[in-house]
Amino acid sequence: MAEEKNSKQRHHRSMFLESMYPVVALMLVLVACVELCDAATVVDVYRLIQYDISGAPFGSRFSSLNHHAASLSFQHGADLSRSVLILPLRELDIAFVQDYISQKQSLGGLLILLPQTFRPGNIGGGETQGLRILLAQLEKLLLHGNIPFPVYFAFENEETDTMLADVKKNDALGQQATATTGGYKLVISVSEPRKIASPTITNIQGWLPGSRADGDSNQLSTIAVVASYDTFGAAPALSVGSDSNGSGVVALLEVARLFSTLYSNPKTRGRYNLLFALTSGGPYNYEGTQKWLKSLDQRMRESIDYAICLNSVGSWDNELLVHVSKPPENAYIKQIFEGFSNVAEDLGFQVSLKHKKINISNSRVAWEHEQFSRLRVTAATVSELLTPPELLESAGSLSDTRQHVNEDSIIKGVKLVAESLARHIYGHQGKDIQIFADNSSLAVNRFYVKSWLDGLSQTPRVAPFLSKNEPLIMALKKELEDYTAEVSIQQESLDGIFTFYDSTKASLNIYQVASVTFDLLLLLVLGSYLIMLFSFLVITTRGLDDLISIFRRPPSRKMKIA
Amino acid sequence: MTLFHFFNCAILTFGPHAVYYSATPLSEYDTLGTSVKAAVVYLATALVKLVCLATFLQVSETEVFDPYQEALKAMIGFIDVAGLYFALAQLTHRNISQNHKFQAVGLGWAFADSVLHRLAPLWVGARGLEFTWDYVLQGLEANANLVFTISLAALGSLMWLRKNKPKTLIPIIYTCAVIIATMPSITSYLRRVMGWHFPKVVGFELMTSLVMAFISCQLFILCQRPSL
């Protein structure tokens, strides 16, 4: 009877267990879906740009990262191919980085820590001249190299400082952080970067018509003021280009505002049309300017008397340069330059003329006015730069931040351009008149300049990464709509030799990991603890003999059977 | 190797219960049913406590030690004691000696407590890449809790199941029971007001549990003598 009862009980129990299986399985599935990532520290990081020129790869070719952290204090000859090297900018050794890249040594990744003063939107900060030079050198090195590991920029904060101090301490002791020795693990989990299919460049133009005198059947002449608004730098998510060319854009907007005030009254409307253009594609041989010019109606293009291009007018003191491609002896150039120098004299600074011939066979377009000159339109570039920038240089690097742009320089530049244009339009050349005098209703608005400069200094503007309806483009369009009569947007695709890859911003998870040896040690300790607990309990509740008998059971059973 | 760490912490948290069951004569007398019933009673008690806490307690934003709130929490903590009484005295068990009954009930109670309070954080947290000592400390706390619960069950069985006790020992029994029952309030007081960190609190709990276990063991032996 007891046996029947036992088997029944067993049957019930097995049925119960069987019915539990699907529930248990479901629970396991649900539970396994719980997210594993829960890092103590998450930091925003910005990737080095990845681009091709005619198929030749440049920049950092990878984006995802899952390695241990290492610092510069590692032992010589240590293998860093599975480590991420953390380099603070303050302790950077350019030669070391150069060696690593040129000798194509394998590295798991590179994380460059920048001081907080370089953060867009950070106004304060001490003297950083040396750091800026170092940063510029580093950028040049990284931009023109083909780097087979991920390179990220991050800003220093408390957590990265503590992590770096720990890593340095460990490295100094000679413990290389690997899977068996613990340390910090840096994880960036993003998908592999893909080509941007057809990056668009957007040109915005505003047309301010002049007044035609009655009976005047001739087409009015046009004067154009142009500035390119997009940037290019080592980290596209940080390329705010305050000086190159945020200052130019702000100057253009202020000039547009001043002339729109003048032109709003029919009595003070000049006999010239004004064309304001914000072009894109500046760093890429001014491709946007070329496309914009070609899209213009031929008659319109021929009606352009001359064009003034603005490029970097934010950090100069006493001398502004006017770059031209037509020879200085040319009558138009002479006229333009005289106009500038008269105004400059009145305002108390100097302008110099610099001539650079265009080499038709060379596809490199160093200044924006060269695109105009190639289409037979007289143009000049007003800039603080002495020499023409190289391809992809001076287009908004990491060190080009708001702190080093001076509103006063921009205001002086605005006054120069506006006064000389006005004197030309209204026929007051050579006369001692100040149309845009301070404290008048036509004074240059300092707050306008400052607020637009601040805004642009917090907006990264690398053209391939701007969408078609980017808020920045809409804002610029709206601003020009306020000041001009007709605004049109031209969107073209950036073809040619450049190809770009996405994935510019990511989140870095920093984990403090324990080594495998630690886990094994812990297992050993716990195992011995449980065994001790077991023995202790057996001894206290059943007596020492029972403990010994547990270990002696097999032989005693054999003896019993025998 | 984070699943490894999870495994380590799991055996630290739940291992002692299994070891206790198999090492002591509990396994010989097959008292699993008692432990399971005690676990179910714990679940019910926890639900009742939850409802009471939700109804009567105000949630404060800061970690300020409010004496009234803490007193309220302590009173609700006595529901625990009521549950234990129910499990010890009211449930029908098979014929097992009193000695084993309180052990089985205490074991089941402590196991349910560990599972409910510690399994979920362990599963979610210990599997991540980040390493913290929290889960090891939590396991140690589970150990201390096991000892506390068994001591409380012993004292409880002395209070409610044993009829003839030496008069002098009764107040000691009751004071010890009260101390153990208010242990959660004491630890939260230490953590908030005195600002003790988790490791210190766990160390204190372990020491107190050993002391309490020793005292209740002695009391149990002393109470057992007259009936022998």
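Let's start at A:F436. Setting aside neighbours within four places in sequence, A:F436 is in contact (heavy atoms within 4.5 Å) with A:L258, A:F259, A:L262, A:A418, A:E419, A:A422 and A:L442.

A word on what you see. This is a predicted model, where local features need pLDDT of at least 70, side-chain atom pairs count only at pLDDT 80 or more, and totals for chains, interfaces and linings use all residues. Residues are numbered from 1 along each chain as its sequence is written, chains are lettered from A in the order in which they are written, and side-chain values use heavy atoms, without hydrogens and water.

Now the cores. A nonpolar core is a set of buried Ala, Val, Leu, Ile, Met, Phe, Trp, Tyr and Cys residues joined through side-chain atoms within 4.5 Å; buried means under 20% relative accessible area, with a 1.4 Å probe and protein chains only. The largest has 63 residues, and A:F436 is among those with the most contacts inside it. Helix α5 of chain A, residues 242–264, gives the most, eleven residues. Helices here are DSSP runs (H or I, at least four residues), numbered from the N terminus. A second, separate core has 50 residues, including A:L92 and A:L135.

Next, the interface. Chain B brings 26 residues, chain A brings 28. About 2400 Å² is buried between them, and carbon and sulfur atoms give 71% of that. That area is the accessible area (1.4 Å probe) lost on putting the two together, summed over both. Which helix gives the largest share of chain B's side? It is α1(B), with twelve residues.

Last, the scores: ipTM 0.86 and pTM 0.77.

Note on methods. Helices (H or I, at least four residues) and strands (E, at least two) are DSSP runs, numbered from the N terminus.
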